[in-house]
Amino acid sequence: MKSKHLEDALFLDIEASSPDDDAYPICIAWTDPDGAIQKALIIPEDDWEDWDFGYQHSHGLSREHLFEQGETGKDVIRALSSDLAEATVYVDGLDPDSQLLERLYEAFDADMPFELARVTDFLPELDFETFLERRQEILLENGLSGFNAENNVFVMAELTRRLR
């Protein structure tokens, strides 16, 4: 069996507009095949209206900022497909990240060309509780917020680096 190395790992994280079922993706970050972290703000689609100002306070992104600085969902899908096609991509929140990605891809009648798996599948030496503890340590060490997709991708890659 092939061992799992850092260079084999692709990570992804998404921030949502709210904690509700109608939430939509607003920011996404992922590692590309070279290990660089890519990030995109996502311009909301016309029917994506759910917004939680409490979440806005946590992630620091306003809806207006998304419209001013974001990329279209179609452009984000194109970038994700280019970097992640036919790969297994590891996330720290499988269910919420899956739902947000489905919302993004369904808005453009597109199929997701990669599979998602839990980061603990890639790091089987960690149960999820231990992963969360180590995640918090890395966030604190680096003065980072956990409500930031780019930071969360950095944490997964850093934790993998430390364990490999």
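Predicted model: local features only at pLDDT ≥ 70, side-chain atom pairs only at ≥ 80, totals over all residues.
Residues are numbered from 1 along each chain as its sequence is written, and side-chain values use heavy atoms, with hydrogens and water left out. Local features need pLDDT of at least 70 and side-chain atom pairs count only at pLDDT 80 or more, while totals for chains, interfaces and linings use all residues.

Helix α6 runs over residues 128-141 and has 14 residues (helices are DSSP runs of H or I, at least four residues, and strands are runs of E, at least two, numbered from the N terminus). From first C-alpha to last, α6 reaches 20 Å, close to the 20 Å expected at 1.5 Å a residue (1.5 Å times one less than the number of residues). Its buried residues are Phe131, Arg135, Ile138 and Leu139 (buried means under 20% relative accessible area, exposed over 50%, partly exposed in between, with a 1.4 Å probe and protein chains only). The face of α6 turned away from the buried side carries the exposed residues Glu129 and Leu140. Just after α6, Gly143 takes a positive phi of about 65 degrees.

Now for the rings: the whole structure holds seven aromatic pairs (ring centres of Phe, Tyr and Trp, the last by its six-membered ring, within 6.5 Å; planes under 30 degrees apart are stacked, over 60 edge-to-face, the rest tilted). One of them joins Phe11 and Phe122 edge-to-face, at 6.2 Å centre to centre and 85 degrees between the planes. Phe11 sits in the segment before β1 and Phe122 in helix α5, so the pair ties together parts 111 residues apart in sequence. Phe11 is buried, at 1% relative accessible area.
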